[in-house]
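Please keep the sequence and the structure in view while reading.

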Amino acid sequence: MRLTNEGFKLLATCFTLTLAATTVIVYPPLTLSVYAVSVFALTYILLTASRLSRIRSTAFGYSRRLDVKTVRPGERFTVEVTLTNLSETPLLVVLNDNMDKLVLVEGPLSVEEKLQPKQSVTLRYRAYAPARGVYRLGPPLVKVVDECGLVCRVIVLEERANLYVFPTMVEKPRLSEGVKAVQNVYVSGTGLSVKYGVEDVFREVSEYEEGQPLKAVDWRRTARMDGELYVKKFDRVNRLRILFLVEATKGSLVGNPPLLDSVFDAVMAVTKSMVESGDIVTVRLLGPTGGNTVTVYNTAGLEELAYLLITSKPVPAYDLVKETEEIGEFDAAFLIGRLVNVRHEQLSQLSEKLRKKGCVLFTLIPALEAENRIQRSLTTLEDMRVDRFLRIANVAKVSQHSLASYLAHLHRVLRAAA
Amino acid sequence: MIVGKIVRFTAVLPPLIISLLTWLNTDFSNYYMLLGAVSLILITSTDRLKWAGVGLIYLPAAYTVYLLFSGNPAPFLGLATGYVLASPIVFALASYNSKNLSGLFTGYFTAYVFATLLYSVAEGGNTKPETIFTTLVRNLIGVFSRDVINVIPPQNPPIFLMSSITAVATIALMLYTAAKPDGLPHISSEWMGAFLAAIALMGIGLLTVTFYSWLTPVMILGIVSLLTLAAAIMLRWLYA
């Protein structure tokens with residue numbers, strides 16, 4: 001509850017004039033007139049403040065809508081904020097919306113309307129995000145103003161909403177390209193394993209054998225039969241534990257869109273696919289310190305991963321050995337980056353270390369799509385540098401736009417082998 | 001629209017009436033006085049007339065200053081008196097044109113005070129333009145030199161007449177808070193509550209002062225203290 005500027009000025013004026021009419025200039029009709037107006041203003045403000053204080057946020061219905069599902073850097077989108085008066089009385093409202101660091105292109109961020117009961121007002125504006133990252137929309141503020149514009153009550157309708165701006169992909173990944181480029185992968189797995197329990201896929205009912213857990217007993221079936229105990233058996237599908245080691249260095253900020261953005265986009269897309277298949281995915285950013293690892297168990301965890309990826313700040317360099325000192329148990333690991341700060345021996349050591357833990361390491365070096373002569377020359381130099389890594393097993397150079405399909409293919413191979 | 005105009009005009013009526021009374025007491029022998037008053041009022045009019053007002057101000061001002069240094073001060077004093085006598089009307093017009101409540105209220109008070117001051121000067125026997133201006137200047141200097149301390153001479157506008165008009169103007173001031181740009185004022189329950197509270201409090205205060213005249217200084221001090229305290233608490237509470 002607070003005074004508007006107009007209310008503040010009126011109260012200050014009343015105070016000053018009351019003082020003047022009492023002490024300096026005393027002419028009874030004028031003095032009484034000033035007193036009457038001052039008392040009126042004070043009382044009116046008090047009564048109105050009391051009425052407005054009874055208005056709750058439940059007096060309003062509110063919705064916010066974007067015209068796009070995914071916001072990309074530089075792409076314009078429309079935001080519609082609709083406010084409905086759910087109370088029984090008409091309310092004079094000013095609806096304000098906030099947008100943090102987004103660029104406003106068209107339309108106002110504020111609208112004033114006298115809303116009758118059940119009437120709605122819509123605030124519509126267009127904006128765009130200049131780069132990838134997490135932006136904030138809101139919180140929307142509803143200022144309920146009295147008829148004279150002297151007192152107002154500000155109601156915050158919700159918390160700020162996060163707007164994730166994902167990096168732009170060069171083009172849609174084509175599966176055929178990804179498959180052609182993938183080399184032979186040497187992995188092996190045990191296939192389906194028989195477990196007893198109440199989860200996963202039902203296999204059969206069989207007679208109880210000594211040593212089997214009692215919780216596996218199918219009591220309903222047992223009761224129907226001739227006194228023999230029967231147990232239920234289930235197949236539990238293996239869940240792959242996958243690790244992504246993603247370089248987040250300034251050396252990956254080349255290209256348009258940047259190479260790093262393409263990597264993040266591919267990791268995000270493939271992680272979603274992996275998690276939907278039942279795998280557990282851990283993503284660790286190499287370089288940024290503190291809170292640089294996220295493990296995704298289900299699709300609900302993807303938001304946390306998206307936040308990690310799009311808020312990461314690339315560093316100039318990192319130490320691969322130090323960053324991979326503590327690595328848990330994984331079935332497969334993907335190292336993705338240009339490997340500018342990595343030596344040939346370090347990569348071999350990491351591969352060996354992971355192999356001993358039963359994990360297979362795939363190293364993907366994303367390559368920029370050359371568009372002009374200068375870029376082609378730089379690509380040639382980059383190829384010469386990368387060549388020494390390609391001699392190591394499971395290291396591949398992958399085109400920027402094929403990264404997602406390549407990873408998807410590797411995942412399918414791993415699933416088939418597991 | 002027309003309702004709003006009527007309400008605003010009613011609110012600034014008291015200073016206009018007091019100014020009229022002042023003008024009726026004034027000697028019109030010096031026509032420069034009329035010239036000064038008209039040019040000052042034109043300044044507050046529409047943009048087109050404003051340019052005419054600027055011409056009407058600068059040309060006579062320059063000419064009368066020339067006459068003053070030539071040994072003829074009467075035109076200069078007449079022109080200055082015209083400006084001064086027109087000032088309550090100008091304040092009232094500014095108040096009438098004001099878009100907000102505080103502007104209207106401040107303009108109303110200022111115009112009222114100036115009108116009362118000029119009425120007192122004119123009613124005190126200073127009817128000639130020259131004497132009106134010199135009396136005002138002497139009083140103004142007196143404030144700082146403590147030579148003459150009565151800023152407002154004891155002659156006041158007729159209280160019986162002005163009380164009724166001021167009461168109407170006060171109601172108009174209150175009504176203006178509820179005025180709408182299009183249509184009749186919106187009288188809410190809060191407005192009516194505040195209006196009745198103000199009227200009741202003023203009525204009680206007035207009766208008390210009338211019947212117990214010895215309470216007047218205490219009452220005034222009490223009312224001012226309460227109003228000040230209420231305003232301070234509300235400012236602290238509502239504008240924090």
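In which kind of crossing, left-handed or right-handed, does α6(B) pass α8(B)? The crossing of α6(B) past α8(B) is right-handed. The model discussed here is a predicted one. It has a chain A of 418 residues and a chain B of 240 residues, and the points below treat each chain, the contact between them and selected details.

**The two chains**

- Chain A contains ten helices and 21 strands.
- In chain A, 35% of the residues count as buried, and in chain B buried residues make up 36%.
- Of the contacts in chain A between residues at least 6 apart in sequence, 73% link residues at least 24 apart.
- For chain B, residues 24 or more positions apart account for 68% of the contacts with a separation of 6 or more.

**Where the chains meet**

- The contact between the chains involves 44 residues of chain B and 40 residues of chain A.
- On the side of chain B that touches chain A, at least two residues come from each of α6 (101-123), α8 (159-177), α9 (189-211) and α10 (216-238).
- That side of chain B is made up of 30 nonpolar, 13 polar and one charged residues.

**The nonpolar core**

- In soluble globular proteins, nonpolar side chains tend to be buried together.
- The largest nonpolar core of this model has 158 residues.
- The residues with the most contacts inside this core are A:F40, A:I45, A:F244, A:V246, A:V267 and B:L173.
- Leaving aside residues up to four places away in sequence, A:I45 touches A:G7, A:L11, A:L150 and A:V151, and it also touches B:M234 of the other chain.

**Two helix pairs**

- Two packed helices are described by the angle between their axes and the distance between the axes.
- In chain A, helix α1 (residues 5-23) packs against helix α2 (residues 28-53) at an angle of about 150°, and their axes are 9 Å apart.
- Because angles over 145 degrees count as roughly antiparallel, α1(A) is roughly antiparallel to α2(A).
- The crossing in which α1(A) passes α2(A) is left-handed.
- On the α1(A) side, the contact is made by A:G7, A:L10, A:L11, A:C14, A:L17, A:T18, A:A21 and A:T22.
- On the α2(A) side, the contact is made by A:L30, A:T31, A:V34, A:Y35, A:V37, A:S38, A:A41 and A:I45.
- The contact of α1(A) with α2(A) has eleven nonpolar, five polar and no charged residues.
- In chain B, the axes of α6(B) and α8(B) come within 10 Å and cross at roughly 165°.
- The helices α6(B) and α8(B) are therefore roughly antiparallel to each other.
- Their contact is formed by B:L101, B:L104, B:F105 and B:Y108 of α6(B), together with B:L173, B:Y176 and B:T177 of α8(B).
- By class, these residues divide into six nonpolar, one polar and no charged.

**Residues in the loops of chain A**

- A:K118 is in the loop between β7 (110-115) and β8 (120-128), and its phi is near 70°, a positive value in a residue other than glycine.
- A:K118 is exposed, because it has 11 other C-beta atoms within 10 Å, and 12 or fewer count as exposed.
- A:L339 is in the loop between β19 (332-336) and α8 (344-356), and its phi, near 60°, is likewise a positive value in a residue other than glycine.
- A:L339 counts as buried because it has 22 C-beta neighbours inside 10 Å, where 20 or more are required.
- A:G74 lies in the loop between β2 (60-66) and β3 (76-85), and with 13 other C-beta atoms within 10 Å it is partly exposed.
- A:G74 and A:Y128 are 54 residues apart along the chain, while their C-alpha atoms are separated by 5.6 Å.
- A:D319 is found in the loop between α6 (302-311) and α7 (320-323), and it counts as partly exposed, with 13 C-beta neighbours inside 10 Å.
- From C-alpha to C-alpha, A:D319 is 7.3 Å from A:N341, and the two are 22 residues apart in sequence.

Note on methods. Residues numbered from 1 in each chain as written. Chains lettered and ligands numbered in written order. Predicted model: local features only at pLDDT ≥ 70, side-chain atom pairs only at ≥ 80, totals over all residues. Contact = placed C-beta atoms within 7 Å. Helix = DSSP H or I, 4+ residues; strand = E, 2+ residues; numbered from the N terminus. Nonpolar A, V, L, I, M, F, W, Y, C, P; charged D, E, K, R; others polar. Core = buried A, V, L, I, M, F, W, Y, C linked by C-beta atoms within 7 Å. Axes fitted to C-alpha atoms, helices over the stretch in contact; angles between N-to-C directions. Parallel < 35°, antiparallel > 145°, perpendicular 65-115°, else oblique. Left-handed = near helix turned anticlockwise from the far one by under 90°.
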